[in-house]
Amino acid sequence: MDRLREEKIQKFEEFVDRRLKPDLVRAIAERDKVFEQQKVFSDLRKNLENLEKNSITSLRSMVNLGSEVYAQAEVPDTRHIFVDVGLGFHVELTWSEALKIIPAREERLARQIEEYTRLIAQIKAQIKMVSQGIRELLQLPEE
Amino acid sequence: MVKGTVTSLSSIFAPDDALKASVHVQEVISQRQKEVQQLQAFLNDNTSLVNLLKKLPDQLHHDIMVPFGKAAFFPGKLIHTNEFMVLLGEGYYAERTSKQTVEILKRRGKGLDSQIESLNAVIKDLKFETSFFDETATEAAEGIVEIREDYVEEAFDEDKATTSGQDDFASILSRIDQLEKEELESELAEEGEEKDEADIEPEFRNLEIKESLDIPVYRDSHIKVPTPSGSNTPMRPVDHNISKEGLSRAPMSRDEVEVSTLASTSSSSNVSSKTRVAASSSSNASSKTSVAASGSSNASSKTSVAASMSKEVSNFGSRSSNDKAFTGSIVERTHNIENSQKGQTSAPASKPVSRFKLQRK
């Protein structure tokens, strides 16, 4: 009887360690990625709003050519901006149009994040359940 | 009958352990290889950047898409196409022209290169390790055994042994003595022939030229030499010679000092005679070149001693104007000892004694 129990306990522990925990780690990583994307777009939105507020028509910036070598660049006309809409496409938009789609993009990202959060919560719950089961199995013999 | 022990390889190196070790080392190898690949990628980026930097100043402006954050672009132009800002690290930037930046990047590339090389060397060593482990694993699995037997030395000739059997050192010394004996005999036979260039062996030429230089007594010292039996005996012939010629005590003491510091025996006598010659300019030439010649082969204690001795000689002797570069052979002499020495380049290789006689100049 004890042997059986010990084997079961071992199987449960293995299940937790090999399946659930890596799943959890992966889900968290994916969610972090989406978080970053979201941050990028929110920054973009803020900057665009800034530009519009100060009516900045041209700007100068430093472009990274690779390996942290920068070259000066000038944007003479900031009216048109190319926004990444996924799958490698960039759409040429005016400010107002851009300011319309960027929030939409952000919303989509927020929904993705929520999904990931649910998944993570699920996995965590599963881990808790299995460890509870193991504890029960361990406690019964002691009683 | 020779006794021996038989040990099975598998008892020393368990095949399983060897395999495990081999696997482990292979993992480390793959890690290092990844690092090498990463460095290689950096290097490639570097080269492409260098090419880009070379082409940019060709135009006043370049039409580009200027990134605005990570997800948007502005159409714009690259201006000031010859000015670049390079990150030097720790938040320090340097504004440089295209050419200067290219140089910076090239230097960085060199550093990457050396890193890659060292990593490759490490990988090579690790590969040897794995192959070794694999081999031992297979051998142990096959049941190869290791057989050890005690080595019984053969009794060597009594003629050759001077000091009582002290492995290589004594045998070298005895060999040197033998060679000197032979040369002495032949030299005595050659005595009285032409003084200058002859087609005789270097040692004889040396002796005869010494005679022409009016440096006495070498033959005497040489005669005395072949009877060494310990580090003290050479002192006697040297002393003898000096008292014979009435040379000053000062060089002698130097000789003595040097001799006592030297390990080899018969060589010291030659060297001490060399010190006497140190006064004359030609000797320095010879000693220096002999330093060069003997410096290359330190196999026998004698030649190394000769080298150290000749160095000391040149130190306190007057430094002649011998600034010939060492080309691996004794080729050129500055003064009197002209062509005769040239032929000696190849000879000294096998006979340590002959180099000695060279150095006696």
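Contact, in what follows, means heavy atoms within 4.5 Å. Keep that in mind for chain A. This is a predicted model.

Let's start with the layout of chain A. The chain has 2 helices and 4 strands. Along the sequence they run α-β-β-β-β-α. So where do the contacts go? Take the contacts in chain A between residues at least 6 apart in sequence. What share of them join residues at least 24 apart? The figure is 54%.

Next, burial in chain A. The chain has 143 residues, and 29% of them count as buried. Its accessible surface is about 9,900 Å². Carbon and sulfur atoms hold 52% of that surface.

Now the salt bridges. How many are there over all chains? The count is 10. I'll walk through three of them.

One is in helix α1 of chain A, residues 2–54. Asp17(A) and Lys21(A) pair there, with N to O at 3.4 Å. The cut-off for a salt bridge is 4 Å, so this pair qualifies. The two residues are 4 apart in the helix, and that separates them by about one helical turn.

Another joins two helices. Glu106(A) forms a salt bridge with Arg45(A), and their closest N and O atoms are 2.6 Å apart. Glu106(A) sits in helix α2 of chain A, residues 95–142, while Arg45(A) sits in helix α1, so the pair ties together parts that lie 61 residues apart in sequence. Glu106(A) has 11% relative accessibility and counts as buried, because the cut-off is under 20%. Arg45(A), at 22%, is partly exposed. There is a further partner here. Glu49(A) is linked with Arg45(A) and Glu106(A) in a network of salt bridges.

Over to chain B for the last one. Glu35(B) and Arg32(B) meet in a salt bridge, N to O at 3.3 Å. Both residues lie in helix α2 of chain B, residues 15–55. They are 3 residues apart, about one turn of the helix. Glu35(B) is partly exposed, with a relative accessible area of 32%. Arg32(B) is partly exposed too, with 24%.

Now the interface. On the chain B side, 30 residues are in contact with 30 residues of chain A. The area buried between the chains is about 2,400 Å². Carbon and sulfur atoms give 72% of it.

What about charge pairing across the interface? The count of salt bridges between chain B and chain A is 0. Polar contacts are there, though. The two chains share 7 residue pairs in polar contact, with both residues at pLDDT 80 or more.

Which elements of chain B give two or more residues to the side that touches chain A? They are α2, β2 (62–67), β3 (72–78), β4 (83–89), β5 (92–97) and α3 (98–142). The most comes from β3(B), with 7 residues. By residue type, that side of chain B divides into 22 nonpolar, 3 polar and 5 charged.

One thing to take back to the structure. Find Glu106(A), which counts as buried, and follow its salt bridge to Arg45(A). Then turn to the interface, where salt bridges number 0.

Key: Residues numbered from 1 in each chain as written. Chains lettered and ligands numbered in written order. Predicted model: local features only at pLDDT ≥ 70, side-chain atom pairs only at ≥ 80, totals over all residues. Heavy atoms only, no water. Salt bridge = Lys/Arg side-chain N within 4 Å of Asp/Glu carboxyl O. Buried < 20%, exposed > 50% of the residue type's maximum accessible area, 1.4 Å probe, protein only. Areas by Shrake-Rupley, 256 points an atom, 1.4 Å probe, with all protein chains shown as cover. Buried area = accessible area lost by both parts, 1.4 Å probe. Polar contact = N/O pair within 3.5 Å; in protein donor to acceptor, adjacent residues only side chain to side chain. Nonpolar A, V, L, I, M, F, W, Y, C, P; charged D, E, K, R; others polar.
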